[in-house]
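This briefing covers one protein chain. It is arranged by topic, with the criteria given where each term comes up.

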Amino acid sequence: MQLLGSAHARDVFERELERVRKWYGICVVGYVAMPEHVHLLIGEPERNELSIAIQMLKQITSRKLRPKNLPQFWQVRYYGFPVWTEKKRIEKLRYIHRNPVRRGLGRRPECWRWSSFVHYATGAEAVVEIESQWTARKREKLGITPTVAIAHPSPKSGERVGQPRVLEFVL
């Protein structure tokens, strides 16, 4: 079922992703909202646990978008795994950004506006603030110190610090 099948639903998702990003201090490295799932490349939040931030994102979007006759909007679980290297981060960003093209939703990644691709290609700002070289340069020019840190202050045993996670939501 394509619960994010409309432009309106994907717009709502983007607005709520940005709201949750600000509230929890999440570093969003990349994303794409597809008609039936979402891919996120994000860092650990500054405030609270990642699972709490994701739960909040899912609850808010579900309240706003879930049809009355549907018992649940999102699947209970999400799939995520750590990305430890720059090479893997780039691989995941390419996969995320090319997903709409592979699915026939546009001829090129920039044709699908519910994605971080245009930001990476041009530096253009959109609904969701993306943590990138463009954003870092803009902050530097303005003399702004970043408010979102990629590193999580207290890693769990066996985890590395400072690397984003790729999370895939499946509706």
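Ring pairs link Phe 13, Phe 73 and Trp 74 into a cluster; rings of Phe, Tyr and Trp (its six-membered ring) pair if their centres lie within 6.5 Å, with planes under 30 degrees apart counted as stacked, over 60 as edge-to-face and the rest as tilted. The model is predicted, so local features need pLDDT of at least 70 and side-chain atom pairs count only at pLDDT 80 or more, while totals for chains, interfaces and linings use all residues. Residues are numbered from 1 along each chain as its sequence is written, and side-chain values use heavy atoms, with hydrogens and water left out.

**Overall layout**

- The chain contains five helices and four strands, where helices (H or I, at least four residues) and strands (E, at least two) are DSSP runs numbered from the N terminus.
- Along the sequence, these elements follow the pattern α-β-β-α-β-α-α-α-β.
- The chain has 171 residues, of which 43% count as buried; buried means under 20% relative accessible area, exposed over 50%, and partly exposed in between (1.4 Å probe, protein chains only).
- Among contacts in the chain with a separation of 6 or more, 66% involve residues 24 or more positions apart; contact means heavy atoms within 4.5 Å.

**Aromatic rings and charges**

- There are three aromatic pairs in the structure.
- One of them joins Trp 112 and Trp 114 edge-to-face, at 4.8 Å centre to centre and 65 degrees between the planes.
- Trp 112 and Trp 114 are both buried.
- Arg 10 lies over the face of Trp 114, 3.9 Å from the ring centre; a charge sits over a ring if NZ of Lys or CZ of Arg is within 6 Å of the ring centre and within 35 degrees of the ring normal.
- Arg 137 places its charged end over the ring of Trp 134, at 5.4 Å from the centre.

**Packing of H1 and H2**

- Helix H1 (residues 7–24) and helix H2 (residues 50–65) have axes that come within 10 Å and cross at roughly 145 degrees; the axes are lines fitted to C-alpha atoms, for helices over the stretch in contact, and angles run from 0 to 180 degrees between N-to-C directions.
- On the H1 side the contact is made by His 8, Ala 9, Val 12, Phe 13, Glu 16, Leu 17, Arg 19, Val 20 and Tyr 24.
- On the H2 side the contact is made by Ile 52, Ala 53, Met 56, Leu 57, Ile 60, Thr 61, Lys 64 and Leu 65.
- By class, the contact of H1 with H2 has 12 nonpolar, two polar and three charged residues; Ala, Val, Leu, Ile, Met, Phe, Trp, Tyr, Cys and Pro count as nonpolar, Asp, Glu, Lys and Arg as charged, and the others, Gly among them, as polar.

**Buried positions**

- Leu 4 belongs to the segment before H1 and is buried, with a relative accessible area of 0%.
- Leu 4 and Glu 36 are 32 residues apart along the chain, with 5.6 Å between their C-alpha atoms.
- Pro 100 is in helix H3 (residues 86–102) and is buried, with a relative accessible area of 1%.
- Leaving aside neighbours within four places in sequence, Pro 100 is in contact with Val 32, Met 34, Leu 105, Gly 106 and Trp 112.
- From Pro 100 to Cys 111, 11 residues apart along the chain, the C-alpha separation is 8.7 Å.

**Partly exposed positions**

- Asn 48 lies in the loop between strand E2 (37–42) and H2, and its relative accessible area of 45% makes Asn 48 partly exposed.
- The phi of Asn 48 is near 75 degrees, a positive value in a residue other than glycine.
- Most residues other than glycine have a negative phi.
- Gln 72 is in the loop between H2 and strand E3 (79–82) and is partly exposed, at 41% relative accessibility.
- The C-alpha atoms of Gln 72 and Ser 62 are separated by 7.7 Å, and the two residues are 10 residues apart along the chain.
- Ser 51 is in helix H2 and counts as partly exposed, at 40% relative accessibility.
- Ser 51 and Arg 77 are 10.0 Å apart in space, C-alpha to C-alpha, and 26 residues apart in sequence.
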